[in-house]
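Visitor: I'd like to know what stands behind the terms used for a model like this. Can we take them one by one?

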Amino acid sequence: MLRFALGVLLLAPLTFAFWWWLWMDISLPLLWRMADLSARWLQASHVVEIQYQGGKYFLLTSLEAAENPLQIGLISVPFQRFTASFPLLWALLLATPRSERFFNMVFGTMALFPIIVLMVLLYLQFQIGYLINQQSFGTEPILTGYYLALPYSQNAYYAMRVGRNMALLVLPMASPMLLWMLFNLNHFRTLQTEQTAHDKANTS
Amino acid sequence: MTGVWRLIRLSVLCLALILGGCDRQRLAYNRALALYHQQNNDTAAAVQFATLAQQGYPPAQFRLGLMEFYGLGVAQQPSVAISRFQKLAAQNHLPASYFLAGCYLEGVGIKKDETAAFQLYLQLARLGFVPAQYRVGLMQIQGKGIDPNAQQAIPWLKKAAKGGHHQAQKKLISIYTKGLLGIPKDNSQAQYWRHRLVGRR
């Protein structure tokens, strides 16, 4: 266990450096395409497309501004922060002793793509709700212009806020750990069996 | 293995349902909207909006109306646009109703009619559209389209203010701080809306 913890501590800076300097540029175009396609199909009522402009990603909504309906709502999409799950997963997988590292790395990385797209969709759904309802939340800036759409019910908006927190705070950390546990399920089962045997020996 | 096949079959079914259930007109409308905003191709976008409008798709009818109103990609013809908005407003189309109400209020593209504007705003306010709630409150204070009545205006302003409308919050602060329109001064109310305005509540 100590070896694993030390391994994660040593490898994390390396994987994060790889992610920051190289992987982000490789993964972002793919994630953008996947998120754009999914958002256009699944959130068609408000999503026109996700655009790439001047090094930044924006969601073009079909929401017309109340005071100038020729203008439509734009939402910034911070893809980078969602991709931080990659280096965390790699550090965990590389530090795990006696595991099929190559297989786990490839399949883990592939499995993270749809999970990150889900995070992006949850985040965008909140941003759309925020644009329509205009109710301040957390660190989001206070908006001033309304859009031509009826506000979501308080319950629906609450669900969107939960989704936003899941996407920004829970899933980026939890998904790599869950994937890592899934890949090492046998190891955890062995640990559990050993613990049960140990407990039994102690009680008898 | 049977489980895997079941999962694959279920995924294909879900995908078919998603694709089959998708609003094709909405997707075509979004493509036209992207054409207009990304490429600034007014003429091509107007053609696409017109095609969808002919099929009776309300968002495209509204967009086409806007382009006709401002003369973007098509010849400027405000009267045609206004009649388009009137038809849409009769179908309770929110963007068209709100825009039309603004036209009636300002007398742009149509003869000024504050009563018609008030009625449209009231209709939208009752549906829960926050900017319309503010307009109704304000028009009741100013006596535009309806006899002035501050007592009836306050609940609408409060609804709009609760919906996060800054102008409504500022109006309430000023009313309660100075005791305007026959409403007695109320420092606790003024303080409450001041807190809402800066986002503390």
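**Terms and values**

Visitor: Which residues of H1(A) and H4(A) meet?

Guide: From H1(A) come Trp23(A), Ser27(A), Leu30(A), Leu31(A), Met34(A), Ala35(A), Ser38(A), Ala39(A) and Leu42(A). From H4(A) come Thr109(A), Phe113(A), Pro114(A), Ile116(A), Val117(A), Val120(A), Leu121(A) and Leu124(A). Contact means heavy atoms within 4.5 Å. Helices are DSSP runs of H or I with at least four residues, strands are runs of E with at least two, and both are numbered from the N terminus.

Visitor: How many of the residues in this contact are nonpolar, polar or charged?

Guide: The contact of H1(A) with H4(A) has 14 nonpolar, three polar and no charged residues. Nonpolar covers Ala, Val, Leu, Ile, Met, Phe, Trp, Tyr, Cys and Pro; charged covers Asp, Glu, Lys and Arg; the others, Gly among them, are polar.

Visitor: What should I know about the model itself?

Guide: It is a predicted model: local features need pLDDT of at least 70, side-chain atom pairs count only at pLDDT 80 or more, and totals for chains, interfaces and linings use all residues. Residues are numbered from 1 along each chain as its sequence is written, chains are lettered from A and ligands numbered from 1 in the order in which they are written, and side-chain values use heavy atoms, with hydrogens and water left out.

Visitor: Why are H1(A) and H4(A) called oblique?

Guide: Two packed helices are described by the angle between their axes and the distance between the axes. Here the axes of H1(A), residues 2–42, and H4(A), residues 101–133, cross at roughly 55° and come within 9 Å. Axes are lines fitted to C-alpha atoms, for helices over the stretch in contact; angles run from 0 to 180 degrees between N-to-C directions. Under 35 degrees is roughly parallel, over 145 roughly antiparallel, 65 to 115 roughly perpendicular, and the rest oblique. H1(A) and H4(A) are therefore oblique.

Visitor: Is that crossing left-handed or right-handed?

Guide: The crossing of H1(A) and H4(A) is right-handed. That is the clockwise case; left-handed has the near helix turned anticlockwise from the far one by less than a right angle. The crossing of H8(B) and H10(B) is left-handed. Their axes come within 10 Å and cross at roughly 35°. Tyr134(B), Leu138(B) and Ile141(B) in H8(B) meet Gln167(B), Ala168(B), Lys171(B) and Ile175(B) in H10(B).

Visitor: What makes H3(A) largely enclosed?

Guide: Of its 11 residues, 85–95, 10 are buried, so the rest of the structure largely encloses H3(A). Buried means under 20% relative accessible area, exposed over 50%, and partly exposed in between (1.4 Å probe, protein chains only). The cover of the buried residues includes H1, H2, H4 and H5 of chain A.

Visitor: Why is Gly73(A) called buried?

Guide: The relative accessible area of Gly73(A) is 0%, so it is buried. Gly73(A) lies in strand S3 of chain A, residues 72–76. Its contacts, leaving out residues up to four places away in sequence, are Leu59(A), Leu60(A), Thr61(A), Leu63(A), Leu131(A) and Tyr147(A).

Visitor: How does the radius of gyration of chain B stand against a compact globule?

Guide: Chain B has 23 Å, but a compact globule of 201 residues would be near 17 Å. The radius is taken over C-alpha atoms, and the globule rule is 2.2 Å times the number of residues to the power 0.38. The C-alpha trace spans about 70 × 55 × 30 Å along its principal axes. Chain B has 11 helices and zero strands.
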